[in-house]
Amino acid sequence: MHLFLAPECAPFAIAAMILIGLTVIEILSMLLGFSLSEMIGKPHLDGHDGVVAGLLSWINLGGVPLLILIMLLLGLFAIVGFAVQAVAAMVWTPLPAVVAVLPAAFFTIPLVRGSTRTIARLIPRDETYVVDAGDFVGRTAKVTVGPLDQGLPGRVSVKDVHGNWHQLRASAAKGEGPLGVGAEVLLVDRKADIFIAVPAPLDLVGPADQSSTEQHQ
């Protein structure tokens, strides 16, 4: 706590506080049925060149949502910065803030590159092929943010014809009870960008998911 409040750690403390704020905003947005990171999307560097564009491409800008990249930069910068100052304090004395920022930034960049490459392999792919939103009607999906009812929309995970996963906003059809997280649903209609879901018929659900679906019906 002493280092966190110390003037020489101010840049890292500010980065940590911004990260906490962004995390809270993202959690609240998901509870409201949408994701801030998905709204911002992934930036593209097409048509840009130069040293800055090369560095941004090297840390995998465009491979993960922009908000996730910013949060990784802030988090790793804060962690590395506090570690640098802790080591400096043990050896001699904490470095001035302006000086400590340099090694913190130097070590943060490769850490961000490694982290974004790992995350890009784990998160669902929501683009690559152009898919019409209407193509999702009639497909089965799994509730990931819910439960789905007639109130605020939740989210479902669905695979398109190309094998790419999409996170879609969805609500339960009129007259349907709440569809809990993990429930298999059938997308039967769409109103603007919100899909209408009903419990998936058992003949459309894999054997491993049938018991879970029955529990939510």
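Hi everyone, let's start with strand 2, residues 154–159: 5 of its 6 residues are buried, so this strand is largely enclosed by the rest of the structure. Buried here means under 20% relative accessible area, exposed means over 50%, and partly exposed lies in between, with a 1.4 Å probe and protein chains only. Strands are DSSP runs of E with at least two residues, numbered from the N terminus.

A quick word on the source: this is a predicted model, where local features need pLDDT of at least 70, side-chain atom pairs count only at pLDDT 80 or more, and totals for chains, interfaces and linings use all residues. Residues are numbered from 1 along each chain as its sequence is written, and side-chain values use heavy atoms, leaving out hydrogens and water.

Now, what does strand 2 pair with? Strand 1 joins it in the antiparallel sense over 3 bridges, and Val-143 has Val-156 of strand 2 as its bridge partner. Strand 3, residues 165–172, also pairs with strand 2 in the antiparallel sense, over 6 bridges; there, Lys-159 is partnered by Trp-165. Pairing requires at least two DSSP bridges between the strands. Strands 2 and 3 form a hairpin with 5 residues between them, and Gly-163 in the turn has a positive phi of about 90 degrees.

On to the side chains. The whole structure holds 1 salt bridge, meaning a side-chain nitrogen of Lys or Arg within 4 Å of a carboxyl oxygen of Asp or Glu. Glu-184 and Lys-142 form it, at 3.7 Å from N to O. The two sit 42 residues apart, Glu-184 in strand 4 (residues 184–191) and Lys-142 in strand 1 (residues 140–145). Glu-184 is buried at 11% relative accessibility, while Lys-142 is partly exposed at 33%.

Methods: Helices (H or I, at least four residues) and strands (E, at least two) are DSSP runs, numbered from the N terminus.
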